[in-house]
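User: I would like to go through the labels attached to this structure and ask what each one rests on. Please set every value against its definition.

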Amino acid sequence: MHLRSKHPSSLSSRREVAASGPNPVPVLLRPRRQLPKLAAAAPSSSDSSTRVASASLKSKSNNKSKSPVKEDDYNAQQIQVLEGLEPVRKRPGMYIGSTGTRGLHHLVYEVLDNAIDEVQGGHADRIAVDMDIGSGPISCHSRIPQVQGGHADRIAVDMDIGSGWVTITDNGRGIPTDLHPRTGKSALETVLTVLHAGGKFGGDDSGYKVSGGLHGVGVSVVNALSESLEIKVWRNGRQYAQTYSRGLPLSDLEETELPPNVAHLSSTQVRFNYDRDIFSPTAHFDPDTIRSRLRELAFLNSAATILASKNGQTLHTPLSALNNGNGKAEVAPLASTSSASNGHAVASTRDPSAFSFEAAMTIDRVEVEISLQWCSDAFSDTLIGFANSIRTVDGGTHMEGLRAALTRVVNNLARTQKLTKEGDPALIGDHIREGLGGVISVKVPDPEFEGQTKTRLGNPEVRKIVESAVTQAVGEWLESHPKALSEIVAKATLAAKAADAAKRARELANLQTAQAKTERRQRSS
């Protein structure tokens, strides 16, 4: 029986036919070359020549004209150039981290940090934050007799919780309003509409010795991401005002002469309402988060006292008593699970064996402040770092220097005081820091932050400076407090023994598991 191919002209069909005869002979035939299908009616020779000539003319015409862009082409037309504040609105996450609640709070922090920079430089003694985010005002006031620059006297925060408006006012020098030589606009409009324009780039031309801002994009980012922004500046006996929307000025800079009784005032007020087209519908202001940030600022400026109130009533007693009145900030609200001390080696109310330590020094123009508290009823460490009053949530070189110095100084003193035996392995940092709550704050003239959200400090020289400062300060303190040293070493030794016992238990369990598997394989075989 012969199987016929549906296409007898194919190579396989002809091989089958050749092999099926009485004397099969291998035959290899070439397949016929596929010819193009012809139309039903063949064109005449004259039509063909006409068509060829037409195609030739069309080809020459196309060579002269620009070829059309195909969908899969990648050329200069696909390269976008964003100008002004367009990059901020296009990719807001790069500048504020997210378009959720965290990014919304970052807008507040950007303007607040500018006000704090005026305080740090000794040019402001009042900051007011007004937030209309719900129902009723919340106020925080902080009297600061001396805050870094030496001239700060008062910080006030008032929050009225519905419309999303935020107003931040400081009585610093006021943003300059004269004509900028490069942009041809007022300096005020320049810093609000031009990325990387500001007075915090360091050097002789910088307007600040130490500042949290350094990229020149903070307030311009707030302007770009705000549906409306109103700014007022008081300086040189005059008031200057201008309004913006989504980064674009809606009016010229308006100038008004101040009455004689207030002509001496200098201040900056920024009032903005965030753009709902940019932020998530679930984004909202959280008064507790804002108060927490102000709590941190009061802690960093150790003479501060913050009062939180709603309609004139105190909201939260611990917040109204952040400091105990002697200029020493508490560790507990930020880092410790136990009650806070007054900054010296004293017992806490929860843990009689807890003790605290504070120190501050300046090395190579870098200011280092540390506050530590060990508690025997805690079994983990909580260390928080700040750089130029910015919380570095991802750590950085100042945190690395603190951890390295603590490990070294405790091990050295443990050996010299014979608290550990000869031949015993050195205590590791995790065990030494067990039960430790602490805060480190550094003031760096030229900080290197990772990104605009400034979550990590990158200055390599800061690690060495912090190591030197912490080694000296903590070493001297522990030498004069042998009981504290003994308890730290005893707790670290106990933690090391517990870790070693847990490791051996895991190894034994793994060995038993492996043996059980081996026995099961042997039985099955």
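User: Where does Leu179 lie, and why is Leu179 called exposed?

Analyst: Leu179 sits in the loop between β4 (165–170) and α6 (187–193); helices (H or I, at least four residues) and strands (E, at least two) are DSSP runs, numbered from the N terminus. The model is a predicted one, in which local features need pLDDT of at least 70 and side-chain atom pairs count only at pLDDT 80 or more, while totals for chains, interfaces and linings use all residues. Residues are numbered from 1 along each chain as its sequence is written, and side-chain values use heavy atoms, with hydrogens and water left out. Buried means under 20% relative accessible area, exposed over 50%, and partly exposed in between (1.4 Å probe, protein chains only). Leu179 has a relative accessibility of 61% and is therefore exposed.

User: What does Leu179 touch, not counting residues up to four places away in sequence?

Analyst: The partners are Gly184, Lys185 and Ser186, where contact means heavy atoms within 4.5 Å. Glu189, ten residues from Leu179 along the chain, has its C-alpha atom 9.4 Å from that of Leu179.

User: What makes His284 partly exposed?

Analyst: The relative accessible area of His284 is 45%, so the residue is classed as partly exposed. His284 belongs to the loop between β9 (267–274) and α8. Leaving aside neighbours within four places in sequence, His284 is in contact with Thr101, Leu104 and His105. Between the C-alpha atoms of His284 and Gly164 there are 8.3 Å, although the two are 120 residues apart along the chain.

User: Why is Lys491 called buried?

Analyst: Its relative accessible area is 16%, and therefore Lys491 is buried. Lys491 is part of helix α13 (residues 482–524). With neighbours within four places in sequence left aside, its contacts are Cys375, Ser376, Ala378, Phe379, Glu434 and Gly435.

User: Is Trp234 buried or exposed, and what surrounds Trp234 in the model?

Analyst: Trp234 counts as buried because its relative accessibility is 16%. This residue is in strand β5 (residues 226–235). Residues up to four places away aside, Trp234 touches Arg173, Gln239, Leu258, Leu265, Ser266, Ser267, Thr268 and Gln269. Glu255 is 21 residues from Trp234 in sequence, and their C-alpha atoms are 9.8 Å apart.

User: Which phi values do Arg365 and Ser389 have, and how are Arg365 and Ser389 classed?

Analyst: Phi of Arg365 is near 70°, which is positive in a residue other than glycine. Ser389 likewise has a positive phi, near 70°, and is not glycine. Arg365 lies in the loop between β12 (355–363) and β13 (366–374), and with a relative accessible area of 59% it is exposed. Ser389 lies in the loop between β14 (382–387) and β15, and at 1% relative accessibility it counts as buried.

User: What is the volume of the second largest pocket, and what makes it a pocket?

Analyst: The space in it is about 470 Å³. On a 1 Å grid over the protein atoms alone, a cavity is a set of points where a 1.4 Å probe fits but cannot get out, whereas a pocket is an open set with protein on both sides within 12 Å along at least five of seven lines; lining residues have an atom within 4 Å of a point. Grid points are joined across faces, edges and corners, and the volume is the space filled by probe spheres set on the points.

User: Which residues and elements line the second largest pocket?

Analyst: There are 17 lining residues, and His106, Tyr109, Arg391, Val393 and Thr453 lie nearest the centre. At least two lining residues come from each of α5 (101–120), α8 (287–300) and β15 (390–391). The largest share, six residues, is from α5. By class the lining has four nonpolar, six polar and seven charged residues; Ala, Val, Leu, Ile, Met, Phe, Trp, Tyr, Cys and Pro count as nonpolar, Asp, Glu, Lys and Arg as charged, and the others, Gly among them, as polar.

User: How many helices and strands does the protein have, and what share of its residues is buried?

Analyst: It has 13 helices and 16 strands. Of its 525 residues, 42% are buried.

User: Where is the pLDDT under 50?

Analyst: pLDDT is the predictor's confidence in each residue, from 0 to 100. It stays under 50 over residues 1–29, a stretch with 20 contacts beyond four places in sequence. Where pLDDT is low, the predicted coordinates should not be read in detail. The protein averages 74, and 64% of the residues score at least 70.
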